[in-house]
Amino acid sequence: QVVYNFITNAINYSKDRKEIIISQTINDNKVVINYTLSEVGKTSANISYDDTEYAVTVTLESVKGKLTASMQITDGTSVQDEAVFTNKIKTYNLNISKIAYNSTEEEIFKFKIELYNNDTKIELPNNIISSNEYKIDNNTLLFNLKNEEDITINDIPINTTIYLEETNHDGYSAVIKSNNITLSEIDNYKFKMDSNKKIIVYNIPGVTLPETGGIGTIPYLVIG
């Protein structure tokens, strides 16, 4: 009973970060204590919590007058060396695609993306998938897209501010949309990552001016 109380008090000392369910079996020579271990207090919407539940068995046995102890930890599928809970900041994925009307197969449009935490530029994730060339220079992602090409940046931390700019589109106007909603009628856009996002940058030959009445934009061809 003394050993059982000691283990129980040690477990309870972990307070609200873990949930413990304990049972014990005692006979003349052996004490078996079983408990489950899982994380509680999952209160932050910005964190992906570890949902693992561990089953722990502690066995205390008297063999020829000597007390031996052993412990087994399982995660529901296999035996583990220790109970580890890994919590991570939530992340989202950003996909940027290009639609360039009347463009040639050779035309390349250049872009840059920067990530900010408040006003501080931060490093880009390593998980980038692109159908064209890209490089990272001083924590700025520089990439090229042709018509119908795209780039995906995975694992961007939640609430990261994204600055997207199309740095060259000579002879074309730029309109940035998502889910058929116009986000910007110029060649740059700043937004926060609060979900997975798919953004399309449209290029239209000529100059885009607001239509009277404010219901959209109309491309005007530049005729020299």
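Glu148 is exposed, with a relative accessible area of 64%. For the cut-offs, buried means under 20% relative accessible area, exposed means over 50%, and partly exposed lies in between, using a 1.4 Å probe and protein chains only. Glu148 sits in the loop between β13 and β14. Its phi is positive, about 70 degrees, although Glu148 is not a glycine. Most residues other than glycine have a negative phi.

Before I go on, the ground rules. This is a predicted model, where local features need pLDDT of at least 70 and side-chain atom pairs count only at pLDDT 80 or more, while totals for chains, interfaces and linings use all residues. Residues are numbered from 1 along each chain as its sequence is written, and side-chain values use heavy atoms, with hydrogens and water left out.

Another positive phi turns up at Asn138, near 55 degrees, again in a residue other than glycine. Where is Asn138? In the loop between β12 (134-137) and β13 (140-145). Asn138 is exposed as well, at 60% relative accessible area.

Now the overall layout. The protein chain has one helix and 21 strands. Helices (H or I, at least four residues) and strands (E, at least two) are DSSP runs, numbered from the N terminus. The chain has 224 residues, and 34% of them count as buried. Take the contacts with a separation of 6 or more: 58% of them join residues 24 or more positions apart. Contact here means heavy atoms within 4.5 Å.

How confident is the predictor? The average pLDDT of the protein chain is 84, and 79% of the residues score at least 70. That score is the predictor's confidence in each residue, from 0 to 100. Over residues 13-18 the pLDDT is below 50, and this stretch has 13 contacts in the model beyond near neighbours in sequence. Residues 211-224 also stay under 50, with 24 contacts beyond four places in sequence.

On to the core. A nonpolar core is a set of buried Ala, Val, Leu, Ile, Met, Phe, Trp, Tyr and Cys residues joined through side-chain atoms within 4.5 Å. The largest one holds 26 residues, and those touching the most other members are Leu94, Ile96, Ile113, Leu141, Phe143, Ile162 and Leu164. Which strands supply at least two residues each? They are β8 (91-100), β9 (109-117), β13, β14, β15 (161-168), β16 (172-178) and β19 (197-205). There is a second, separate core of ten residues, including Ile33, Tyr54, Val58 and Phe85. In soluble globular proteins, nonpolar side chains tend to be buried together.

Look at Leu164. Setting aside neighbours within four places in sequence, its contacts include Ile96, Ile113, Phe143, Tyr189, Phe191, Ile199 and Val201.

Next, strand pairing. Two strands pair if DSSP finds at least two bridges between them. β8 and β19 run parallel, joined by seven bridges. Ile96 has Ile199 as its bridge partner in β19. β16 and β19 run antiparallel, with six bridges. There, Val175 has Tyr202 as its partner in β19.

Thr152 lies in strand β14 (residues 150-157). Thr152 counts as buried because its relative accessibility is 17%. A 2.8 Å polar contact links its side chain to that of Asn95. By definition, that is a pair of N or O atoms within 3.5 Å; within protein, one must be able to donate a hydrogen and the other to accept it, and residues adjacent in sequence count only if both atoms are side-chain atoms. Beyond four places in sequence, Thr152 touches Leu94, Asn95, Asn127, Ile128 and Ile129.

Last, salt bridges. How many does the structure hold? Five. The cut-off is a side-chain nitrogen of Lys or Arg within 4 Å of a carboxyl oxygen of Asp or Glu.

Lys42 bridges to Asp51, with the closest N and O atoms 2.7 Å apart. Lys42 is partly exposed at 37%, and Asp51 is exposed at 62%.

Lys121 bridges to Glu114 at 3.5 Å between the closest N and O atoms. Is Glu114 buried or exposed? Glu114 is buried, at 9% relative accessible area, while Lys121 is partly exposed at 28%.

Lys197 meets Asp194 at 3.1 Å, N to O. Lys197 is partly exposed at 22%, and Asp194 is partly exposed at 46%.
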